[in-house]
Amino acid sequence: MAKEIHEQPEVVGHTLAHYLDMGSEKVALPTKLPFDFKKLDRVSISACGTAYYAGLVAKYWFERFARLPVEIDVASEFRYREAPFQPGNLAIFVSQSGETADTLATLRYAREQKQHVLSVVNVPTSTIARESDAVMPTLAGPEIGVASTKAFTCQLSVLVCLAIAAGRARGVLSEEDERKLVRALVEVPRLMSEALRVEPQVEALARDLAKSRDVLYLGRGTAYPLALEGALKLKEISYIHAEGYAAGELKHGPIALIDETMPVIVIAPFDRVFDKTVSNMQEVAARGGKIILIGDQRAEHESAIRFFKAITMPDMAADFAAIPYAVPVQMLAYHTAVVMGKDVDQPRNLAKSVTVE
Ligand code: M6R
């Protein structure tokens, strides 16, 4: 898992290079699409586990950059809820293995409903890839660790390119908007390398986190799916109970859990919803909660909150912060599990690929 976390700047760099034309600063999809983004009025995304969280981040990107409504659900729910589809729309499936039973079943259902089927997969020979109308590969290389890490950030890289392509095709983004976004995207692998340098801070924090019984993760915007992913990662390899919440949901229930022993990990890059997250941190601070901020220097200074600990990320364009911010989130789960003496590569009860229901 450690190796795969550290490979991310390289594999995300390869993946982005496959989808971007650096010379013209445009998105250049490797495969011709068998549909026209202009003609779509809805996209559905379906996946499981970490791949589902990548899809949830993509929902924010598609809706913002392409003004395309996105419906997203975990495949195990999507497959049985008889969701109505308008024929001719787009259904996207995200999967590292390309063999996940629920995701595959959802794909087949979407095909019956006359959707264009596009998959984002890491294994190009997989069943999901074979049964898709268009395949957008992630170039993560083989992912061995049961806890998905590099596949996740590569999925995000592909999905953001698709969202920008959709935005251009639908006339929501201008050529100049696209250039600006692509210029910011090109910086992502370097930012991930810088993010890896926070590892000593993360390791020190992990020694503390390892003593916890429960951990709460909060985030807003694209940091919300990251909060869910952080909680999943911690649960699956350290067996500490963790929950991810949209920061704004705090006062609708989870605030009741806050006391002096409760670590609350707030993923908050300095973005346009940062002020809102600050008010949630104040609510936690007022109840003596142990706030751990994963944010940049500006976030640390402007929030004027006393953190229990802060992981300081490099400054970056907020649009794609979810990709580099995944790095400390993964490292935190990894180091916590290592401190606790767990086998991070073979966590109990889990299989790398879930090919049965
Ligand atoms: O191969 P897939 O991406 O379809 O797998 C989906 C999930 O089973 C997978 O992401 C799982 O949640 C991982 N253990 C998360 O680390």
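**Around the ligand**

Which residues are the closest to the ligand among those that surround it? They are S95, Q96, S97, T100 and E236, out of 13 residues in the shell (a residue is in it if one of its heavy atoms lies within 4 Å of the ligand). Keep in mind that this is a predicted model, where local features need pLDDT of at least 70, side-chain atom pairs count only at pLDDT 80 or more, and totals for chains, interfaces and linings use all residues. Residues are numbered from 1 along each chain as its sequence is written, and side-chain values use heavy atoms, with hydrogens and water left out.

Sorted by class, the shell has seven polar, four nonpolar and two charged residues. Here Ala, Val, Leu, Ile, Met, Phe, Trp, Tyr, Cys and Pro count as nonpolar, Asp, Glu, Lys and Arg as charged, and the others, Gly among them, as polar.

**Polar contacts and cover**

T100 brings a polar side-chain atom to 2.5 Å from a ligand oxygen. T50 and S148 use the backbone instead: a backbone N or O atom of T50 sits 3.1 Å from an oxygen atom of the ligand, and one of S148 sits 2.8 Å from an oxygen atom of the ligand.

On its own, the ligand has 410 Å² of accessible area, and the protein covers 91% of that (Shrake-Rupley method, 1.4 Å probe). Helix 3 (49-66) and helix 11 (223-238) are the elements that give two or more residues to the shell, and helix 3 gives the most, with three. Helices here are DSSP runs of H or I with at least four residues, and strands are runs of E with at least two, numbered from the N terminus.

**The nonpolar cores**

The largest nonpolar core has 96 residues, with F37, F62, I92, L118 and Y217 making the most contacts inside it. Such a core is a set of buried Ala, Val, Leu, Ile, Met, Phe, Trp, Tyr and Cys residues joined through side-chain atoms within 4.5 Å; buried means under 20% relative accessible area, with a 1.4 Å probe and protein chains only. Helix 7 (residues 150-169) gives the most to this core, with twelve residues. Apart from it lies another core, of 19 residues, including L218, M262, V266 and L293.

Leaving aside neighbours within four places in sequence, F62 is in contact (heavy atoms within 4.5 Å) with residues including F37, I92, L159 and L162.

**A buried serine in a loop**

S212 sits in the loop between helix 10 (199-209) and strand 8 (214-219). S212 counts as buried because its relative accessibility is 14%. Beyond four places in sequence, S212 is in contact with I240 and P263.

Note on methods:
A polar contact is a pair of N or O atoms within 3.5 Å; within protein, one must be able to donate a hydrogen and the other to accept it, and residues adjacent in sequence count only if both atoms are side-chain atoms. Buried means under 20% relative accessible area, exposed over 50%, partly exposed in between (1.4 Å probe, protein chains only).
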